[in-house]
Amino acid sequence: MNRFRFPHPLVLIVGFIILAAALSYVLPAGEFVRHLDPATGRQVVVAGSYHAVPAAPVGPLDVLVNVPKGLADAAAVVFLIFLAGGAFTVVDQTGALRFGVDWLLRRAQGREVLVIPLVGVLFATMGALENMGEEIIPLVPVLLVLMRRLGYPVLTAVAASVGAAFVGAAFSPINPFQVGIAQKLAQLPLLSGGAYRMGFLVVAVAGWLWATTRHAVRHRLAPDLTADAAETEAGPVARGGRPGLVLLLMLAAFGLFAYGVVQLHWEFEQMSALFLGLGVVAGLVGGRGLTGTAEGFIAGFRDIAFSALLIGFARAIFVVLEQGRIVDTIVHGLAEPLGHLPVALAALGMMGVQTLLHVPVPSGSGQATLTMPLLVPLSDILGLSRQVTVLAFQYGAGLCELITPTNGTLMAMLAATGVRFEQWIRFAAPLWGALFALGAVAVVIGIAVGV
């Protein structure tokens, strides 16, 4: 019997776009009143303000128009992926990636299995610090060279990078785009409950990386000692360059990237500029010359194009729901029944609601501004701690990133590595279930201890 195969990622996302349009004919249109929240600088909903509005069904022509609108909405992210992808292709063609992987493997001789948790901890840390996601996609050449040289399946590259980052972000005590915004909207001190969250973060990341390492070892192949992603259509590696110097340049850029995002609050435009500069300087230092550097960028643009554009197509799902004026209807329909449940069940119900809502609302910060003003007053009425309400949001929405096909970052990463969605689901779904159960335990214990 043939195993079920999910459609091509682009077909899958377009299917969700069409489904969103169809729902605009079925669900009643409705909206919440919104106001500007001075603490976050974002428009937030007013609890109890949901009301019906005239229907706005999204027709076939509107569906087509909303795809380029989604691409335009996601333009900053799309161009970041293009420029970073071009830069890493240039770095790759200097021989720096092969040089770095060889250096790492020489020092990990006999302990290669430790490379996976080391890589995973790095990405989980960045996920916890700044919600790293789309920025990982251009790193695919580095990750693939590393995994092929180790003999591990390419799925390991996805699990140890974006998978670990998603887990780190979901359980983070300091993620500014999830827990930070949610705590502001709940009028809680920033970083409050940090020690409590940190304990579950360690358990969650350790469990994810243990499973990733176990899967990699079980499916290990003979290492591909000839693997060299630098041998692209643009030409062979510039053997006469100085790959070690280029590698140091790349590591310095990573350090500047982390500092800029965490301390300087860089937007996607600043990140894109950094990678553009990295690619140009790396090409010149690595001996590629102006023409070779330009050709490297072009090769990178070509290789990363599909993955980058998937981000925009995924964004179009929300654009359609918003135009159909049914986003608030979905939120209201899922949140309203929670008020009739006992405290513990209501808290676990919030986790489930946040999970379901993250499918049509793939932005963590957007979901926080949409749901927290509704659930915080409800939690006060039920006698539920606001901190627990934030936990339910974090674990429900954050962990959904691991499995929802509307997550453009996940789908783009799978497309870039050649991993099929059903392959990923077979690996990730059981782990998502275990992590969701861990989050539920954290919520219930939080209620018991009064976190």
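Analyst: Phe88, Phe254, Phe257 and Phe275 form one aromatic cluster. This is a predicted model, in which local features need pLDDT of at least 70 and side-chain atom pairs count only at pLDDT 80 or more, while totals for chains, interfaces and linings use all residues. Residues are numbered from 1 along each chain as its sequence is written, and side-chain values use heavy atoms, with hydrogens and water left out.

User: How many aromatic pairs are there by this rule, and what makes two rings a pair?

Analyst: Rings of Phe, Tyr and Trp (its six-membered ring) pair if their centres lie within 6.5 Å; planes under 30 degrees apart count as stacked, over 60 as edge-to-face and the rest as tilted. The count comes to 12 aromatic pairs.

User: Why is the pair of tryptophan 424 and phenylalanine 427 called tilted?

Analyst: The ring centres of tryptophan 424 and phenylalanine 427 are 5.6 Å apart and the planes stand at 50°, so the pair is tilted. Tryptophan 432 and phenylalanine 436 also form a tilted pair, with 5.3 Å from centre to centre and 40° between the planes.

User: Why does tryptophan 432 count as partly exposed?

Analyst: Buried means under 20% relative accessible area, exposed over 50%, and partly exposed in between (1.4 Å probe, protein chains only). Tryptophan 432 has 21% relative accessibility, so it counts as partly exposed. Phenylalanine 436, with a relative accessible area of 22%, is partly exposed as well. Tryptophan 424 and phenylalanine 427, by contrast, are both buried.
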